[in-house]
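User: Hi! Could you walk me through this structure with me?

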Amino acid sequence: MPEIRSPADGANREPPRIGVYVCHCGTNIAGTVDVKAVSEYAAKLPGVVVSRDYKYMCSDPGQGLIQQDISEHNLNRVVVASCSPLLHEPTFRRVLSRAGINPFFLQMVNIREHVSWAHLDKPQATDKANDLVRAAARRVSLHKPLQKRRVPINPNVLVVGGGIAGIHAALTLADAGKQVYLVEREPTIGGHMAKFDKTFPTLDCAACILTPKMTSVGSHPHITLWTYSEIVKIEGYVGNYKVQVKHKPRYVKEDLCIGCQECVTACVYKEGKTPDQFNLGLSKRKPIYLPFPQAVPQKVVIDPETCIQFKSGKCKKTCVEACGERQAIDFAQTEKFEEVEVGTIILATGFKTFDASRNPYYGYGRYPNVYTSLEVERLINAAGPTSGEVVLRDGTRPKSVGIIHCVGSRDANTNRWCSKVCCMYSLKLAHLIKERTGAEVYNFYIDMRTPGKGYEEFYDRLLDEGVHFVRGRVAEVSDWAVHPSEEGKLVIRAEDTLAAFVRRIPVDMVVLSVGMEPQADAQEVRRLFNISCSTEGWFLERHPKLAPVSTFTEGVYIAGACQGPKDIPDSVAQAGAAAAEALALIDAQFVELEPYTAFVSEEECSGCKSCIPLCPYQAISFVEDKRKAAINEVLCKGCGTCVAACPSGSIEQNFFEDEEIFAEIEGVLAYA
Amino acid sequence: MKYTYYPGCSLRGTGRAYEESLLAVFRALNIEVQELEDWNCCGATTYLSVDELTSYALAARNLALAEREHRDMIAPCSACYLVLNKTQRYMRDYPDIKLVVTRALAAIGLTCDDHVRVRHPLDILLNEVGLKAIAEKVKTPLKGLKVAPYYGCQIVRPYATFDDQHNPTSMDRLLEACGAKIVYYPLKTRCCGGSQKGTLPEIGLDLIRYLLSEAQKNGAEVIATVCPLCQFNLECFQKEAVNHPPISMPVLYFTQLMALALGASANTIGLQRSLVPIAPVLARKEIAYA
Amino acid sequence: MELKRTVKFEADRDPEFARWISHTVGGERIRECLQCGLCSGTCPLSLYMDYTPRRLMHLSREGFKEEVLSSSSIWLCTACYACMVECPKKINVTHLMYALKQRAIEEGFYPKRFPIPVMAQQFSRMVRRSGRITESWLILQVFLRTAILRLLGMSKLGLRLFLAGRMTFKRERIERRPEIAALLDSVAATRKELAL
């Protein structure tokens, strides 16, 4: 038997008295691991005083068992072999606290995710569980008593993204009296929702329900709205973030512009020449413009790419003339940087729609009358490029329209996920198109997915309205006419899988129901805020069920479609949840931080300074008089970078000290 | 208790025993019936296939005639029961149908105001007479005779007016009150094939085979039916439908079993008309009847 | 091996037929059909059908008249109403089967000597003449027109039924037979007048 290491610092010299607790987790663990055998094996390990197995260790009786053993057997160390520490480490630490010993005298062994869920062979899984329990028993002897740190929370909140989710989160927090900084990179807030005409399933007008919220944001005393701005840098930690914001030049002074748009009328361009981004290029705008009539803030913006003054410097500047004494136009504006301090951050950066030209067989970009769903939203919108008329490129009304679902969704060649909203918005578009044009409307779908309040009923309504539903993924849209009736039309070819034959359906207009994708710069944003992404690029929640708006970074929350495809109700609900989480943190006034900080052993530090630039949190400073590195415990997040980098091995980290890790490794390798 | 009685064509032909036994049961229970004067064919399922409007008019003539009597009308045949009920419902739901039918009736001097309740004997016996009253009048208890209760379609489908659509039990309870033992019969509402035996024989035989085999498997000594067509299919095509080994399963109207228990003699309730006799079963059970 | 074109052009569709089915009695909700297939699953006859009831519903509402009216399924339906009771959308499938049968008969979409329409025609003829059905005569007439040979096979059963008093060649008749003719004529006249 190898000897048990005793703690190096001598702080805790009493011999270890370990209790080992093996959880069945119902059949989750016990189905694959012989938990009795693991418990019996653990009982024979050096230092182990008591070893038990129990159906649910996390239950009240399970916790009571441990607490009772600690006092009866005078235990000073506990090993719990159960699920991931992410789930129940706090639970069992509380048990230790209640029993009167330091909560960090606990070591958890994950025999569920790492053993029972990963293996099929029971004897082998049991062996592995034994190995891990043995390693934990060795390591736990070396645990030192640690204390959590308390830091105060700055009550200000940063909300990133001014779509419906960001708007709702910002208003909720501001109404609660918190100071909110809402940062949006476009010149106006409103996001995708501002582009829609109607919303499903109630068909209420998107603008009617959105613009009041937008104006509230613009005028709220507790909201600082920064549009045309981006976050460039984040420092700090939960409760105490320092955020650097870049304000892009609008070339219009926001405090002076009143949104009268006389400058736009006066612009030397009589007609717009540049594709209007807000209308998806379906109309043209001038170099000086207001993104859309209800934009918040009501401030124009100049596009330097197309403005003659910027290109040649030889413009008559009729805009400046029109602005007159206000003198709001400022061609000399430059980027500005500003720094604010906040305690919590809500990311609501939204999504982008699938680029339909990636599915070339649907002819987007090749046939003018193949549209994306978002383009059709603009066509239908009364404030859109056609004033709400659904017309083809030549201005005529379509007599037949095909709506193709799942474009860029449920497709291993592009995106595998279901975008969740397309079935419903396709139904909505089908209804609106039929209502506006009287056209025959065909929906081509794989499955109709309408879970949600009033959604299935909406589907019923559409069925009843006589819209055609063809169950089959469309293979091709082409202008190749086989039958005389197909001449001059776009022919959709698909198997009608319910009728069990292939159909060719000629239409005038094709609508591609494009799916939702993570923003193109989602990866950069996640790095900036130090959170994780799923493989698809959606921001990763801390737990898919139990912590859906939290991230693995304390104090950073996510809301809306940046986390995954989501419709308006879900986005708003999530935004409310994120705001509530932030409020809960703010109201607690302080936060407890894990004590996993690094510390420098001064005798061994050579003063080489190599750790200082590596620290992502600027927590290491150089103490000139001692010529040694020093780590600020409050700033250190326990990432371990300096620990690994220190050439002299003089930096160690609480809870992850070398001797603890070596003891664990030795334990794993020491086959009994 | 007095009712108008609408026999329907089948009860004057292949289903004569149904009428004989039904009237015997009614007599024993003091239910008075008066046959609908000059009734005509209801149109059945067949007429609906060629000309539904006409079939509603045909059914409505009977309803109109019945209205004059101001009594509920009993329709023992499943097809008649359904068609008469359906006609009433469709006249309520579809103005066009009501218009066509009203005009047609007017042409022969009749009106139809939708106030006759068309009822099934099961409904009358269970809900008007009651199990207790029936049990009290039983003279020849059926001594645990094992009965598979077969309701077929059209009695509880599509309109469930007096019993559960998926698991009707009215006949079960009536026969239990007469001392019979009801065997488990999961196919109690499955279709017998209707007239398919006549038109597409192979398919009709398949459906008949399922029903007979299941009854036999579950230990039934007799199948009780409520419909002349079901009874005909199950009894007359037994030899064709099940031959390895052959089956001998008496198929009676539920009213024949009830009448027997209420003390009617065999020949007055049409037992002699059976192609598969029940006598050996009754003898085995030592059920003595007149 | 005979190869034929199976692709369907929009021109193969008959929108009028689709309109008709959704406006016919019982067809009000056919467009709401979810294509769940419960009707086919519950149908005791679907085992023998070329198109299951679910497929017929879809083909009908899309207007594929040829396929629907030449399907054997509409003749197999016995009107047991199982599909209608179970349908999650309360679609009157059974009644639509009736409607399709009528339409198929009107448009001559059935094989010659096919017993079901023959039976229906003989039935209606007998009702018009007598006001009631005499089963023995009906069966005789149907078999005479469709399968004379099978009649011989049935003769033994017929004899037994005759001896049991369940078959008679005495015709059932109502008293006021002219009423039936007047009734039917009125229906025909109103139908014509209102173009039903």
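Analyst: Happy to. Glu286(B) counts as exposed because it has 7 C-beta neighbours inside 10 Å; the cut-offs are 12 or fewer other C-beta atoms within 10 Å for exposed, 20 or more for buried, and partly exposed in between, with C-beta atoms placed from the backbone. This is a predicted model, where local features need pLDDT of at least 70, side-chain atom pairs count only at pLDDT 80 or more, and totals for chains, interfaces and linings use all residues. Residues are numbered from 1 along each chain as its sequence is written, with chains lettered from A and ligands numbered from 1 in the order in which they are written.

User: What is phi of Glu286(B) near?

Analyst: Phi of Glu286(B) is near 55 degrees, a positive value in a residue other than glycine. Most residues other than glycine have a negative phi.

User: And Lys90(C), where is that placed?

Analyst: Lys90(C) sits in the loop between α6 (82–86) and α7 (93–106) of chain C; helices are DSSP runs of H or I with at least four residues, strands are E runs of at least two, and both are numbered from the N terminus. Its phi is near 55 degrees too, and with 13 C-beta neighbours inside 10 Å Lys90(C) counts as partly exposed.

User: Switching topic: which residue is the bridge partner of Arg504(A) in β1(C)?

Analyst: Phe9(C). Strand β26 (residues 501–507) of chain A pairs with β1(C) in the parallel sense over two bridges, pairing being at least two DSSP bridges between two strands.
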